[in-house]
Amino acid sequence: MAKADRLARLDDLRLEQETEYRTALIEALRRTAAGKWGLFDHQADRKARAAIAPVIDHLEELGDAIDAARDQLGLPPFELRQQFLKSRGPVGPQAMGEPRQAQAWLDRLAAEEGAAG
């Protein structure tokens, strides 16, 4: 019974962390949609990287904790984190800018939340 209780507590913690991750990501996406570049690291700009580093570090720390809990619970990696990680980094000259990309993310997340709720 103790193991089941530990796993239940771990799952509750994981859910809280996933909510915190989503909230932090949405905040960052809103700032980026408003014109603050760096979240997606498309331009490899040192100044933008330094400015966004605390946000990225927080998301990474949360993502690591979530994935560790998911691994222990036998769950797949946190999909939202995987999607975000894939969206970062250099892009071609025809790619949409970070503010437009952030708005597209916000629209998609809002649609998913509406469909789930």
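**Entry 1. Negative patch**

I began with the negative patch, to which α1 (2–33) and α2 each supply at least two residues; helices here are DSSP runs of H or I with at least four residues, numbered from the N terminus. The model is predicted: local features need pLDDT of at least 70, side-chain atom pairs count only at pLDDT 80 or more, and totals for chains, interfaces and linings use all residues. Residues are numbered from 1 along each chain as its sequence is written, and side-chain values use heavy atoms, with hydrogens and water left out.

I listed the members of this surface patch as Asp12, Glu16, Glu20, Asp57 and Glu61. Patch residues have over 30% relative accessible area and no salt bridge, and like charges are joined within 9 Å. Asp and Glu count as negative, Lys and Arg as positive, while His and the chain ends are not counted. The place of a charge is taken as CG of Asp, CD of Glu, NZ of Lys or CZ of Arg. I noted that α1 gives the largest share, three residues. Asp57 lies in helix α2.

**Entry 2. Salt bridges**

I next looked up the salt bridges, of which the structure holds nine; the criterion is a side-chain nitrogen of Lys or Arg within 4 Å of a carboxyl oxygen of Asp or Glu.

Arg70 pairs with Glu18, with the closest N and O atoms 2.7 Å apart. I recorded both Arg70 and Glu18 as buried, a class set at under 20% relative accessible area, with exposed over 50% and partly exposed in between (1.4 Å probe, protein chains only).

Arg49 forms a salt bridge with Asp41, the closest N and O atoms being 2.9 Å apart. Arg49 counts as partly exposed because its relative accessibility is 39%, whereas Asp41, at 16%, counts as buried.

I then took Glu60 and Arg81, whose side chains meet in a salt bridge at 3.0 Å, N to O. Glu60 lies in helix α2 and Arg81 in helix α3 (residues 79–87), so the pair ties together parts that are 21 residues apart in sequence. Glu60 is partly exposed, with a relative accessible area of 29%, and Arg81 is buried, with 6%. I also traced one network in which salt bridges with shared partners join Asp11, Arg14, Glu18 and Arg70.

**Entry 3. Val55**

I located Val55 in helix α2 (residues 46–72). Leaving out residues up to four places away in sequence, Val55 touches Ala28, Arg31 and Leu39; contact means heavy atoms within 4.5 Å. I also checked Val55 against Arg88: the two are 33 residues apart in sequence, and their C-alpha atoms are 14 Å apart in space.

**Entry 4. Whole protein**

I counted four helices and zero strands, in the order α-α-α-α along the sequence. The C-alpha trace spans about 55 × 30 × 20 Å along its principal axes. Of the 117 residues, 34% count as buried. Among contacts with a separation of 6 or more, residues 24 or more positions apart account for 75%.

I noted an accessible surface of about 7,400 Å², of which 53% belongs to carbon and sulfur atoms; such areas come from the Shrake-Rupley method with a 1.4 Å probe, and for residues only the protein chains shown count as cover. The protein has 17 positive and 20 negative charges, and their mean positions are 4 Å apart.

Note on methods
Patches are made of residues with over 30% relative accessible area and no salt bridge: like charges are joined within 9 Å, nonpolar side chains (Val, Leu, Ile, Met, Phe, Trp, Tyr) within 5 Å.
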